[in-house]
Amino acid sequence: MSIEVGSKLKGKVTGITHFGAFVQLPNGKTGLVHISEVAHNYVKDIKDHLKIGEQVEVKIVQVEKDGKIGLSIKRAMDPPVQRNHKSGKSRRGGASTSTNRTLNFEDQLSRFLKDSEERLSTLKRHTESKRGGRGSRRS
């Protein structure tokens, strides 16, 4: 079995360090899953996610000339479902939804700027009300 970037394989966790986990692949070679490639969310302690001897599915993301193999567990998984808090609708993956795909770049940028302005004004209102408004400065 040849190691090709983009392929998904099953492997066994053989070692855990503070920066990642070593996974033995079916052909006997070992690759490294960096801690940032373990899960879709922030991983503070890799031992909370992986155990030595555990079987994991990995995606090969890099094969260097010196033989080092870069692996990812999170890229081998489906993207997490994200919730849009305003509408309650769910979506998968990144920022591109069906409505964004139909909009050109200028329209997407315009929508982003409008949303940003709304959020900024809401934030300003909230912080000003906590400080007592604009007129609460001492003389």
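In which sense do strand 1 and strand 2 pair, and over how many bridges? The answer is antiparallel, over four bridges, with strand 2 covering residues 20-24. Strands pair here if DSSP finds at least two bridges between them. Strands (E, at least two residues) and helices (H or I, at least four) are DSSP runs, numbered from the N terminus. The model is predicted, so to speak of local features a pLDDT of at least 70 is needed, and side-chain atom pairs count only at pLDDT 80 or more, while totals for chains, interfaces and linings use all residues. Residues are numbered from 1 along each chain as its sequence is written, and side-chain values use heavy atoms, with hydrogens and water left out.As for the overall layout, the chain holds two helices and seven strands, and read along the sequence it follows the pattern β-β-β-β-β-β-β-α-α. Buried residues (under 20% relative accessible area, against over 50% for exposed and in between for partly exposed, with a 1.4 Å probe and protein chains only) make up 21% of the 139 residues. Contact means heavy atoms within 4.5 Å. Among contacts between residues at least 6 apart in sequence, 47% join residues at least 24 apart.

Now for the barrel. Five strands close into it in the order 1-2-3-5-4, and the pairing is mixed. Neighbouring strands of this sheet are turned by 55° against each other on average, direction ignored; the axes behind that angle are lines fitted to C-alpha atoms, for helices over the stretch in contact, and angles run from 0 to 180 degrees between N-to-C directions. A hairpin takes the chain from strand 1 to strand 2 through three residues, and Ile-16 has Ala-21 of strand 2 as its bridge partner. Strand 1 (residues 8-16) also runs antiparallel to strand 4, with five bridges joining them. Along that pairing, Leu-9 is partnered by Val-58 of strand 4, and Gly-11 stands opposite Val-56.

Strand 5 (residues 69-72) runs parallel to strand 3, and two bridges join them. Leu-32 has its bridge partner in strand 5 at Gly-70. Strand 4 and strand 5, by contrast, run antiparallel and are joined by four bridges. The hairpin of these two strands has five residues between them, and there Gly-67 takes a positive phi near 100°.

Ile-60 lies in strand 4 and stands opposite Leu-71 in strand 5. With a relative accessible area of 1%, Ile-60 is buried. Its contacts, leaving aside neighbours within four places in sequence, include Ile-3, Val-5, Leu-9, Ile-69 and Leu-71. Ile-60 and Lys-8 are 52 residues apart along the chain, yet their C-alpha atoms are separated by 6.5 Å.

Next comes a polar pair. Glu-37 sits in the loop between strand 3 (30-34) and strand 4 (55-63), and Ser-72 lies in strand 5. Their side chains make a polar contact of 2.6 Å; the term covers a pair of N or O atoms within 3.5 Å where, within protein, one must be able to donate a hydrogen and the other to accept it, and residues adjacent in sequence count only if both atoms are side-chain atoms. Glu-37 is buried, at a relative accessible area of 12%, and Ser-72 is buried too, at 0%. The Ser-72 side chain also reaches the backbone nitrogen of Lys-74 at 3.5 Å. Beyond four places in sequence, Glu-37 is in contact with Leu-71, Ser-72, Ile-73, Lys-74 and Arg-75.

Rolling a probe the size of a water molecule over the atoms shows where empty space is left. On a 1 Å grid over the protein atoms alone, a cavity is a set of points where a 1.4 Å probe fits but cannot get out, whereas a pocket is an open set with protein on both sides within 12 Å along at least five of seven lines; lining residues have an atom within 4 Å of a point. Grid points are joined across faces, edges and corners, and a volume is the space filled by probe spheres set on the points. The second largest pocket has a volume of about 170 Å³, and among the residues lining it are Leu-32, His-34, Glu-37, Val-61, Gly-70, Leu-71 and Arg-75. Strand 3, strand 4 and strand 5 are the elements that give two or more residues to this lining, with the largest share, three residues, coming from strand 5.
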